[in-house]
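Look at the sequence and the 3D view below. Then read the short report that follows.

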There are 2 protein chains.
Amino acid sequence: MARRAKPANNATIIDVANLAGVSYATVSRVVNNKENVAPATRVRVLAAMEELGYQANLNARRLVSGRSYAIGLLVHNLMGPYIGEIMAGIDDVLATSNYELMLFTTHQRREREARYIDLMSSGMTDGLILILPRGLETYIRSLRQRHFPYVLVDHRGFEPTDLYVIAANWQGAYDATQHLLQLGHRRIGMITGVIDMDNARERVAGYQAALEAHQVHFDAELFVEGDYTQLSGVNGALKLLSLADPPTAIFASNDVMAFGVLEAAHACKLRVPQDLSLVGFDDVPMASWTQPRLTTVRQPLVEMGRLAAELLLRTLEDPEHQKQGIVVPAELFVRQSTAPANGGRGATVDVVNGAAAWAEAGSNVV
Amino acid sequence: MARRAKPANNATIIDVANLAGVSYATVSRVVNNKENVAPATRVRVLAAMEELGYQANLNARRLVSGRSYAIGLLVHNLMGPYIGEIMAGIDDVLATSNYELMLFTTHQRREREARYIDLMSSGMTDGLILILPRGLETYIRSLRQRHFPYVLVDHRGFEPTDLYVIAANWQGAYDATQHLLQLGHRRIGMITGVIDMDNARERVAGYQAALEAHQVHFDAELFVEGDYTQLSGVNGALKLLSLADPPTAIFASNDVMAFGVLEAAHACKLRVPQDLSLVGFDDVPMASWTQPRLTTVRQPLVEMGRLAAELLLRTLEDPEHQKQGIVVPAELFVRQSTAPANGGRGATVDVVNGAAAWAEAGSNVV
DNA sequence: ACAATTCATGCAAACGTTTACATGCACATT
DNA sequence: AATGTGCATGTAAACGTTTGCATGAATTGT
């Protein structure tokens, strides 16, 4: 029964040693740039390596060193710009290290949780970055119990020793809401994120705090829960706009939902920003490609990825290095989707027809 | 000098064997579900595994089996929706296998090429999926020489035996162009992709073939090269619209550039589709979120990722399995960004002011 | 000139598995 | 009762490295 075919390239450290006329220990020293190798020997070994096209077998190396030289990224799914940006930041940092990146998603079956944790702790990765996977708490519990290094993104964890990178969601939401208040808006709708995520709750709190600071009554009617998808933005906006006393501005907890609001407003024949002001969150690249360009709170996603990777790498070097999270600023970018409240509204809102129009126009979107 | 700390979880196959009172070979048989193990022994071993929380060391396994149970994805960079979609498809397939996914990017330094090829062939992955990395040809040459399994996405490779998954770019571009022709457009601008990529060239060829079929003269003036970024879409559109005899329709070689065209048109006070028709390519999710919704050629990116992963996995099972590429259909989705040519144009094009307006509006986009 | 030190190199063990082969026992066949 | 067959289990080698320790040569100090 043939052993699974290996890459044809088979030169081992012993082949090199034979060719160079030294022991394989010496070859190993050359390969790893250890000192105490005579210059003449070194060049001889190097030449032999070159001739044979020698490449150290990674798995043997991993076995003996007990390290995998890989870090894992655990996410719920890969859709949307959010993950991609963070991933780019992580990749930036890893490119300058000698770690590689493994990708794990949790969106398939629930049972995978256990499998992943096993894989990781059995030597597949040396550390993990978790970006809001489903079942976060379960993962964290297992990882902590195994003393496996990890860093959270966009969540503060459950213990004071949890390492994390998160944006100043509260402040960002506060600034966004205050911006709308200063433009004269008093009825400001909010479409939240998935409410059991730290980031979503913090944004809600910032929104409420700003209202309070300006002595504006918080109206639960103006508050709908979304799930960070465009569709939930459409539906949330439709719901808000169909209120007896609809909002003159909407704060969406991420840009993708804001795009949904834009679409709903269009379907209802409301102009943004003249008839409805809109603020998003994230500042994904697309936020400045829409008409109008989206006023939004920038969350430095690439930078957050970078920081998370750096934090993890540093923890791998020195497990005691830093035992606290990082909060990065979130900055409001005022673009074109917000304008002063115009007292009486230009167009009356016809949500029923709007929703119908939207449904019809959307019907060819498979 | 302390060996790098390993995961606390240290139970080996030998510990399990001792606890169960059998040899480690027997434990191995149980772990791998081999037959010829007495039922009673099996339960005893299973119990011991459970008690010790045993998890087979992956790297030892890899060393002896010569396989890594990982496949690699090699891409130029991670930005944009295109890669994310394909990646999601790959992930779908891998989730049902026992392979994991490693991510490699080539956008950093050129020198990484050699390093990556070494890593892969030294046991980091069992096979590779390449999505248009920089230096594709170099990679392919090395990989073929090492008989390392790989699958290309969006490129047909250089040898008849190269495995690939690509969309019917020619047909898609033909259909898009024909759609515009049937709407009465005669001056149809094209913004191409990076022209040394197979997909870009095929789309150009489809465009030209459609023009020819309708006896419309191909005007080199109407033809600008882009690079798949939104900015290149803006610039390409600005250039086309400033022609003495500007196009009444534009076909952009991907959606992201089409978004740029939308922006340029807006800056020039041209209405889409009344004053300018627009077709994109890809059908990324965002294409149906814009105003107007983008008419575009759908490239089934997720499906392409899935097919590529399946093809690779099958090749790993049976190296001789299939030695030819897969072409998936590309289908035109007519939405709202195209309309009949209206003979004389409503608004005259003022590109100079438009470009200025665009530059100013864009100035807060860092 | 001899002892002490430094340095280059080799030897062998260890990392944790998988698996070919050997062993021995129980049962069936003659 | 003797022989053959099949099955459960154990033994040991192999996978390709890294690295502590031993060895001997070369260099330094007195």
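## Contacts with DNA strand C

A polar side-chain atom of Tyr24(A) sits 2.9 Å from a base nitrogen of DNA strand C. That is a polar contact (a pair of N or O atoms within 3.5 Å; within protein, one must be able to donate a hydrogen and the other to accept it, and residues adjacent in sequence count only if both atoms are side-chain atoms). The model is predicted: local features need pLDDT of at least 70, side-chain atom pairs count only at pLDDT 80 or more, and totals for chains, interfaces and linings use all residues. Residues are numbered from 1 along each chain as its sequence is written, chains are lettered from A and ligands numbered from 1 in the order in which they are written, and side-chain values use heavy atoms, with hydrogens and water left out.

One is 2.3 Å from a side-chain N or O atom of Thr41(A).

## The surface near the strand

There are 29 residues around DNA strand C, each with a heavy atom within 4 Å of it. Among those that come nearest are Ser23(A), Arg29(A) and Ser28(B).

## A loop residue in chain B

Thr96(B) lies in the loop between helix H5 (81-95) and strand E2 (100-105) of chain B. Helices (H or I, at least four residues) and strands (E, at least two) are DSSP runs, numbered from the N terminus. A polar side-chain atom of Thr96(B) is 2.8 Å from the backbone oxygen of Val93(B).
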